[in-house]
Amino acid sequence: MRLMTPAALAALVALAGCAADGPQGGAAAVPPPAGLAGSADRGAVLVRLKCAGCHAVERSGDSPMAAAPPFRNMGVLYPVADLQEAFAEGLVTAHPAMPAFEFEPQEIADVIAYLEHVSGTGTGR
């Protein structure tokens, strides 16, 4: 695994609390293949279901949990595409309010597309 920038590592910790439930099913997830198109619309559905309990997931508004950074700031602080591998392997933190979770390859591409869209830093297809 390659080393991550401090900002990417901080984002992993922040995003680890997004899931309402833990990892799903047997096989380990893998990062999306290069060129897998993400949908900001599908990503929006995922983050509203799994992340909005703690994070502000829209272009305005406060996070329900004050310590949870708004998603609109994510792509401004660092390249969110760097989170693909971490989303696939599962994010785990020491913070008890942040459950572990993993995404499937298409879900990863969709969440990345949404993060880029909501922060205004990507195509957000």
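Gln 84 sits in helix 4 (residues 84–89), where helices are DSSP runs of H or I with at least four residues, strands are runs of E with at least two, and both are numbered from the N terminus. The model is predicted, so that local features need pLDDT of at least 70 and side-chain atom pairs count only at pLDDT 80 or more, while totals for chains, interfaces and linings use all residues. Residues are numbered from 1 along each chain as its sequence is written, and side-chain values use heavy atoms, with hydrogens and water left out.

With a relative accessibility of 25%, Gln 84 counts as partly exposed (buried is under 20% relative accessible area, exposed over 50%, and partly exposed in between, with a 1.4 Å probe and protein chains only). Gln 84 is 28 residues from Ile 112 in sequence, and their C-alpha atoms lie 7.6 Å apart in space.

Turning to the whole chain, the protein has five helices and zero strands, giving the pattern α-α-α-α-α along the sequence. Of its 125 residues, 42% count as buried.

A helix pair deserves a visit next. The axes of helix 2 (residues 40–50) and helix 5 (residues 105–119) come within 7 Å and cross at roughly 95°; axes are lines fitted to C-alpha atoms, for helices over the stretch in contact, and angles run from 0 to 180 degrees between N-to-C directions. Helix 2 and helix 5 are therefore roughly perpendicular to each other, a label covering 65 to 115 degrees, with angles under 35 counted as roughly parallel, over 145 as roughly antiparallel and the rest as oblique.
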